[in-house]
Each structure stands twice: as structure tokens, then as C-alpha cells.
Amino acid sequence: MTFRVRFTREAEDDLVRLYAFMLDRSPAEWDLAERALEAIRRAIGGLEHSPFSYRRVAGGSPFLRELLIPFGASGYVALFEIEGRDVVNVLAVRHQREDDYL
């Protein structure tokens, strides 16, 4: 079974914010920012095939889960919810060193 992955507006805004943050630190980091987005894209692509294999959010619904995305010395975390039989909604994307998204 293949799941359709959708981004909420908030999750899309998170990606723009994360990208801009890397470029604000150093405009020469353009390549690094592109590689970070590619790592996020590849990892989220895995949700199309096996969203139930990722860890559940503590104390949350069994359909509310998070995906750890390694990148460099830390990485990112994507919060997502499995909706129905074939849809995954990405709710938020954060750097692992940011405040929690719940």
C-alpha cells in the first residue's frame, strides 16, 4: 500500500524557515541548506510506504508519530499524523535542537 504524503501549511512554513535560517547564518552555506532539504525530502519519502514503522509520540494517539532525520551532527524531526487508510499529514518539521513542536 502506498500512502499519499501531504504537508500542512505550518510544515511548509517550517521548511522555509529552516532553509532561511541556514542562509542567514552564512550565505555561503547555500549548498549545505540544499543538502539539508534533500535529506528531509528523502526521509519523508519513506512515509509513503511504511508510516507505522516510525515511533509514536509519547502519550499521543497511535496515529501521531515522529520521524528522526539525521543530518550532520544532529538533524531534524518531522511530526506527522496518519489519516485514514492512505494519507499521511506532515504537521511540523524542526531542527533537533529547537523547542518541542507539541
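Because the model is predicted, local features need pLDDT of at least 70 and side-chain atom pairs count only at pLDDT 80 or more, whereas totals for chains, interfaces and linings use all residues.

**The sheet**

Begin with the strands, which, like the helices, are DSSP runs numbered from the N terminus (E, at least two residues, for strands; H or I, at least four, for helices). Five strands form an open sheet of mixed pairing, in the order β1-β5-β4-β3-β2, where two strands pair if DSSP finds at least two bridges between them. The edges are taken by β1 and β2, each of which has a single partner strand, so one side of each is left without a neighbour in the sheet.

Eight of its ten residues are buried, so β4 is largely enclosed by the rest of the structure; buried here means under 20% relative accessible area, exposed means over 50%, and partly exposed lies in between (1.4 Å probe, protein chains only). Towards β3, β4 runs antiparallel and is joined by eight bridges, and the bridge partner of R65 in β4 is F80. Towards β5, the pairing is antiparallel with eight bridges; here E81 stands opposite N89, and V77 has R94 as its bridge partner.

Then follow the chain through the turns at the two ends of β4. The hairpin of β3 and β4 has two residues between the strands, and G72 takes a positive phi near 65° there. In the hairpin of β4 and β5, with three residues between the strands, G84 takes a positive phi near 65°.

**The helices**

Now show α1, which has 17 residues and reaches 24 Å from its first C-alpha to its last, close to the 24 Å expected at 1.5 Å a residue; the expected span is 1.5 Å times one less than the number of residues. Colour its buried residues, A11, D14, L15, L18, Y19 and M22. They cover an arc of only 125° around the axis, which puts them on the same side of α1, the arc being that of the directions from the helix axis to the C-beta atoms. On the other side, R9, E10, V16 and D24 are exposed, while β1, α2, β4 and β5 are among what covers the buried residues.

Turn to α2, where the buried residues are A33, A36, A39, I40, A43 and I44. Seen down the axis, these residues fall within an arc of 125°, so they line one face of the helix. They pack against β1, α1, β3, β4 and β5, and the face turned away from them carries the exposed R41 and R42.

Centre on Y76: leaving aside neighbours within four places in sequence, its contacts (heavy atoms within 4.5 Å) include L18, M22, A36, I40, L67 and I69.

**The aromatic pairs**

Finally, show the aromatic rings, which form four pairs; rings of Phe, Tyr and Trp (its six-membered ring) pair if their centres lie within 6.5 Å, and planes under 30 degrees apart count as stacked, over 60 as edge-to-face and the rest as tilted. Select F3 and F52, whose ring centres are 6.4 Å apart with planes at 70°, so the pair is edge-to-face. This pair joins the segment before β1 to the loop between α2 and β2, across 49 residues. F3 is buried at 8% relative accessibility, whereas F52 is partly exposed at 42%.

Move on to Y54 and F80, an edge-to-face pair at 6.1 Å centre to centre and 85° between the planes. Y54 lies in the loop between α2 and β2 and F80 in strand β4, 26 residues apart; F80 is buried, at 0% relative accessibility.

Terms used
Residues are numbered from 1 along each chain as its sequence is written. Side-chain values use heavy atoms; hydrogens and water are left out.
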